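Hi,

Here is the structure I promised to pass on.

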Amino acid sequence: VQLQASGGGLVQTGGSLTLSCTASGRTFSSYTMGWFRQAPGKEREFVASISGGGVNTYYADSVKGRFTISRDNTKNTVYLRMNSLKPEDTADYYCAAKLYSDVRFGSVKYWGQGTLVTVSS
């Protein structure tokens, strides 16, 4: 599966942004999807994930209550709605896809390219 992420940009503290990630292929609903991020000088970290049917979602503690992950399997797209953004949310955001288990457990095989989110103070 190939993943194409978009939606990054510059936003002020407290603002909102929505990232999108569109996948190729016809079995999108078979994949758990998720978002990771990597800030300069830091390791890539898990942000959020969603099950194939969209029923189960998981979030990192740092974004819980502010970010919402969702998916539209008719459009092969996963979204990350980010509200109340903080400067520490500044990072390259990567979408991820995985079969059989959640992306938050690692061993992700499919990655999109990063989309940069910059939150100004």
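To start with the cysteines: which residue does a disulfide join to Cys21? The partner is Cys95, with an S to S distance of 2.1 Å; a disulfide here is a pair of cysteine sulfur atoms within 2.5 Å.

Before the rest, some housekeeping. This is a predicted model, so local features need pLDDT of at least 70 and side-chain atom pairs count only at pLDDT 80 or more, while totals for chains, interfaces and linings use all residues. Residues are numbered from 1 along each chain as its sequence is written, and side-chain values use heavy atoms, with hydrogens and water left out.

Back to the disulfide. The count comes to 1 by that rule. The link of Cys21 and Cys95 is right-handed, at 55 degrees about the S-S bond. Distant parts of the chain are linked by this pair: Cys21 sits in strand E3 (residues 17-23) and Cys95 in strand E9 (residues 91-99), 74 residues apart. Strands (E, at least two residues) and helices (H or I, at least four) are DSSP runs, numbered from the N terminus. Both Cys21 and Cys95 are buried; buried means under 20% relative accessible area, exposed over 50%, and partly exposed in between, using a 1.4 Å probe and protein chains only.

E3 also belongs to an open sheet of 4 strands, in the order E1-E3-E8-E7 and with antiparallel pairing. Two strands count as paired if DSSP finds at least two bridges between them. The edges are strand E1 (3-6) and strand E7 (67-72), each with a single partner strand, so one side of each has no neighbour in the sheet. From one strand to the next, the twist averages 15 degrees; axes are lines fitted to C-alpha atoms (for helices over the stretch in contact), and angles run from 0 to 180 degrees between N-to-C directions.

Leu3 and Ala5 form the covered face of E1, while Gln4 and Ser6 form the uncovered one.

Now the charged residues. There are 5 salt bridges, counting a side-chain nitrogen of Lys or Arg within 4 Å of a carboxyl oxygen of Asp or Glu. Arg37 is worth a look: its side chain meets Glu45 in a salt bridge (2.7 Å, N to O) and Asp89 in another (2.9 Å, N to O). Asp89 lies in the loop between strand E8 (77-82) and E9, and Arg37 in strand E4 (residues 31-38), so this pair ties together parts that are 52 residues apart in sequence. Arg37 counts as buried at 6% relative accessibility, as does Asp89 at 1%, whereas Glu45 is partly exposed at 36%. Arg37, Glu45, Arg66 and Asp89 are linked in a network of salt bridges. Elsewhere, Lys64 and Asp61 meet in a salt bridge (3.1 Å, N to O), and both of these residues are exposed.

What about the inside? The largest nonpolar core has 35 residues, and those with the most contacts inside it are Met33, Trp35, Leu80, Met82 and Tyr93. A nonpolar core is a set of buried Ala, Val, Leu, Ile, Met, Phe, Trp, Tyr and Cys residues joined through side-chain atoms within 4.5 Å. At least two residues of this core come from each of E1, E3, E4, strand E5 (45-50), E7, E8, E9 and strand E11 (115-120). E9 supplies the largest share, 5 residues. Leaving aside neighbours within four places in sequence, Met33 is in contact (heavy atoms within 4.5 Å) with residues including Leu3, Cys21, Phe28, Ile50, Ile69, Val78 and Val103.

Thr118 is partly exposed, with a relative accessible area of 26%. Not counting residues up to four places away in sequence, Thr118 touches Gly9, Leu10, Val11 and Thr90. The C-alpha atoms of Thr118 and Val11 are separated by 6.3 Å, with the two residues 107 apart along the chain.

Cheers
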